[in-house]
Amino acid sequence: MDFGLTDEQQLLLESLDEVLERECPESYIAELDLNHQPPTSFRKAMHEAGFMSLGFPEEYGGTPVDAMTLVLLAARTARQGLNNGYGLELLQAMDIIEFGSEEQKAEVLGLLAAGDVPFALGFTEPGAGSDNAAMATTAVHHDGVVTFNGTKTLITNALQSRYLLLMAKDPSVADPRQAISMYLVPMDAPGITVNRLEKIMWNISDSCEIFLDDVTLPESCLVGVKGNGFKQLMRNFEMERLVIASQCLGLAECAFEDAASYAAQRVQFGKPIGQFQLIQQKLTDMAIKIENMRNFVYKTAWMLDQGVPLKSQGALCKRYCAMAAFEVVDEAMQIFGGVGVTVGTRVSRLWRDVRGHRFGGGTDEIMVHIAGRQIVKDHS
Amino acid sequence: MKIVVAYKWAPNPQDAVVATTGEVDLSRAKPAVSEYDPVAFELARRLADATGGEVVGLTVGGPSIDTPLSRKAALSRGLDRLVVVADAELEDADGTRIATVLAAAVRAIGDVDLVLAGDSSIDVAQGQVPLTLAGVLGWLGLAAVSAVTAADGGLVVERSLPGGTTVVAVPTPAVLAATADAVVPRVAGMKDILGAAKKPVEVLDLAALDVPAPGATLATLATAKPAGGERTATIFDGSSPAGAAAQLVGALRQAGAL
């Protein structure tokens with residue numbers, strides 16, 4: 001079994017390190033976090049260096065890469081301490097590249113090239129999230145137009161996005177799996193109201209409620225096939241779980257490095273606290289969890305690249321990495337003691353940001369729901 | 001215009017281990033294109049694009065400098081092709097020997113108008129090789145180059161020197177050593193990295209280059225870390241910004257820094 005990186009992966013990671021060093025120092029991330037701003041200049045630099053089109057087909061100016069390479073890059077970016085810094089936009093754009101019209105593709109790829117977030121994913125509702133059958137937002141097609149009504153909530157990056165990739169159902173279709181369609185809706189369309197939700201984490205990514213009140217658009221805003229919206233969205237869910245797991249790995253590595261360095265420097269009772277076995281035990285268990293996370297992420301990426309059906313693997317990986325990463329970051333904060341909770345200490349930001357991954361992209365509990373059903377099915 | 005970029009495949013200082021004695025151990029450092037050389041790659045690429053020329057990478061050293069990774073690392077940074085002289089005899093060779101071999105390789109490449117190099121290598125950091133190379137070739141050699149553009153029959157070169165900036169007309173052929181901050185080198189993207197594997201590489205045999213044997217070789221007798229400057233660690237009262245600034249200026253004057 002070869003755990004080594006290819007030459008290309010090594011060189012690409014070195015290139016990413018150069019971009020991170022130049023465009024994404026800790027001072028930049030801390031300022032974004034403090035001011036609740038998105039990393040636009042970093043995204044632009046990533047685009048200029050060719051990272052924002054990795055995985056896209058060549059006809060759209062992209063360079064196809066395997067899942068392993070993408071997770072390596074996502075984890076490395078997160079290891080810099082930047083949450084949601086790389087990877088998720090690519091997955092969203094893949095939805096449009098795969099299912100969108102030529103006009104939609106040109107618009108979305110153009111925004112991505114400019115360092116902007118092309119669209120927010122309008123999926124979660126006050127009464128529906130993982131339970132997509134309960135979706136209440138409607139899309140009624142009539143006279144060559146479509147009218148939307150409903151409320152979305154906890155929509156990430158809505159304020160930064162030019163469009164909403166809206167999931168809405170046709171109320172005349174009973175089967176929820178065939179009722180939901182995908183639409184690319186301009187955020188400035190008449191009838192859309194956005195309300196920012198103040199939260200204690202993911203400061204660089206805004207979270208919003210979106211109210212759709214008789215929003216009427218030409219039917220050309222439909223993405224893909226009417227009624228296939230959920231199926232289309234599911235296409236990238238496995239990869240999304242893997243990218244989130246990779247981010248958890250990188251953020252945990254970042255916290256571990258900070259904690260280990262602090263333990264080597266912080267002197268109490270005449271010696272660095274890292275020389276006390278209680279601290280060494282924490283660092284040892286953190287290192288074990290990180291190693292497990294890395295192996296889980298790499299194995300899952302390898303399965304995707306080999307075309308091995310993931311079944312429950314993606315959910316298992318996401319659940320384990322989100323939970324283990326939070327345990328690592330929590331212990332890192334414990335090693336820092338009171339210093340760790342002061343504003344401006346990186347570990348406090350990592351602690352806040354990693355916590356969000358235990359529900360973002362599917363809660364720990366929903367991962368059990370997905371994986372558990374599959375495990376029982378496999379043994380029935 | 002045919003431009004050669006002379007670069008070093010050197011240990012990456014990010015992997016250096018610094019002992020408490022100050023000794024720097026690079027033995028376990030992963031190799032990479034020496035940190036200051038990508039500036040030369042970028043200057044060469046821009047000049048070649050402006051003049052319709054070719055950029056040839058050139059590196060010499062021990063056998064470890066020629067691997068698939070080292071080739072791709074260099075070729076992904078804007079080179080059109082690569083020339084390598086890798087020989088056990090050149091392991092740990094001193095700067096004069098390296099410059100002599102580089103000169104022979106430049107002659108073998110032929111019709112070279114310009115050799116560009118970084119300011120110095122990241123591991124040895126003597127900054128000697130580019131100008132020694134110029135001397136061996138019998139060409140004009142200039143260090144501290146912060147910009148270079150093509151002009152009628154030659155080059156216009158800007159130099160950043162301690163006394164200020166100088167702009168000079170330079171006839172070709174010439175050897176130029178760029179400052180570390182002359183330009184911001186581009187980052188190699190996936191397309192560049194994948195494309196690197198398809199670019200031509202020529203391996204020159206050291207023996208066939210007929211390089212004269214070195215007249216003398218160096219033997220390192222001792223090394224010591226630089227003496228640290230004396231630090232006063234003065235802390236000023238910052239309750240009044242203007243007062244703190246006045247105290248700082250006074251202290252700097254007293255120390256003879258102003």
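In this predicted model, the centres of domain 1 of chain A and domain 3 of chain A, taken over C-alpha atoms, are separated by 21 Å; the domain bounds come from an automatic or database domain assignment. Chain A as a whole is divided into domain 1 (7-117), domain 2 (119-227) and domain 3 (233-378). Where domains 1 and 3 of chain A touch, 23 residues of domain 1 and 25 residues of domain 3 take part, two residues being in contact if their C-beta atoms, placed from the backbone, lie within 7 Å.

On the side of domain 1 of chain A that touches domain 3 of chain A, at least two residues each are supplied by α2 (26-35), α4 and α5 (88-99) of chain A, and the largest share, nine residues, comes from α4(A). Helices here are DSSP runs (H or I, at least four residues), numbered from the N terminus. By class, this side of domain 1 has ten nonpolar, six polar and seven charged residues, where Ala, Val, Leu, Ile, Met, Phe, Trp, Tyr, Cys and Pro count as nonpolar, Asp, Glu, Lys and Arg as charged, and the others, Gly among them, as polar.

Residues are numbered from 1 along each chain as its sequence is written, while chains are lettered from A and ligands numbered from 1 in the order in which they are written. Because the model is predicted, local features need pLDDT of at least 70 and side-chain atom pairs count only at pLDDT 80 or more, whereas totals for chains, interfaces and linings use all residues.

Helix α2 of chain A holds A:Ile29, which counts as buried because it has 20 C-beta neighbours inside 10 Å; a residue is buried if 20 or more other C-beta atoms lie within 10 Å of its own, exposed if 12 or fewer, and partly exposed in between. Although A:Ile29 and A:Arg346 are 317 residues apart in sequence, they are 9.4 Å apart in space, C-alpha to C-alpha.

A:Thr300, in helix α10 (residues 277-306) of chain A, is likewise counted as buried because of its 27 C-beta neighbours inside 10 Å. Leaving aside neighbours within four places in sequence, its contacts include A:Leu242, A:Gln313 and A:Cys317.

Helix α11 (residues 313-336) of chain A has 24 residues, which at 1.5 Å a residue should span 34 Å, and its end C-alpha atoms are 34 Å apart, in agreement; the expected span is 1.5 Å times one less than the number of residues. In α11(A), 20 of the 24 residues are buried, and the helix is followed by A:Gly337, whose phi is positive, near 65°.
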